Amino acid sequence: MTKTFALFLLTAIAELLGCYLPMLWLNNKGSAWLLLPAAISLTAFVWLLSLHPAASGRVYAAYGAVYIATAIFWLWSVDGIAPRWTDLLGAGLALSGAAVIALGARA
């Protein structure tokens, strides 16, 4: 379970970075050279997705929850915007739902 969570976390970071860098360029906050590491990051994201235990809706639903929580952390650590209590609650609810999905699949 820990290995799967770590894989989900790395996948989410690759996805966020791959989308964040082009946004910087589009908003004139960086050069077009940001598109190169963005493309590499999105390639890593796709490769990491292929490493997940099974390509199924259940796995992707659980990944979605980790993505939500990682995006909220990204908001705070990269964008410098403190999450609201509702952001934290939503991420917690999503992770709780993912735990129910993951643990239910093992039963």
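These legends describe close-up views of a predicted model.

**View A. The largest nonpolar core of the predicted model**. This core has 13 residues, and the members touching the most others are Phe8 and Tyr63. At least two core residues come from each of helix 1 (2–26), helix 2 (35–50), helix 3 (57–77) and helix 4 (85–106). Helix 3 gives the largest share, five residues.

**View B. Surroundings of Phe8**. Leaving aside residues up to four places away in sequence, Phe8 touches His52, Val59, Ala62, Tyr63 and Val66.

**View C. Another core, of six residues**. This core lies apart from the largest one, and Tyr20, Leu21, Leu24 and Ala38 are among its residues.

**View D. Packing of helix 1 and helix 3**. Two packed helices are described by the angle between their axes and by the distance separating those axes. For helix 1 and helix 3 the angle is about 60 degrees, and the axes are 9 Å apart. Helix 1 is therefore oblique to helix 3. The crossing of helix 1 past helix 3 is right-handed.

**View E. Residues in the contact of helix 1 with helix 3**. From helix 1, the contact includes Phe5, Phe8, Leu9, Thr11, Ala12, Ile13, Glu15, Leu16, Leu17 and Tyr20. They meet Val59, Ala62, Tyr63, Val66, Tyr67, Thr70, Ala71 and Trp74 in helix 3. By type, the contact residues are 15 nonpolar, two polar and one charged.

Key. Residues numbered from 1 in each chain as written. Predicted model: local features only at pLDDT ≥ 70, side-chain atom pairs only at ≥ 80, totals over all residues. Heavy atoms only, no water. Core = buried A, V, L, I, M, F, W, Y, C linked by side-chain atoms within 4.5 Å. Buried < 20%, exposed > 50% of the residue type's maximum accessible area, 1.4 Å probe, protein only. Helix = DSSP H or I, 4+ residues; strand = E, 2+ residues; numbered from the N terminus. Contact = heavy atoms within 4.5 Å. Axes fitted to C-alpha atoms, helices over the stretch in contact; angles between N-to-C directions. Parallel < 35°, antiparallel > 145°, perpendicular 65-115°, else oblique. Left-handed = near helix turned anticlockwise from the far one by under 90°. Nonpolar A, V, L, I, M, F, W, Y, C, P; charged D, E, K, R; others polar.
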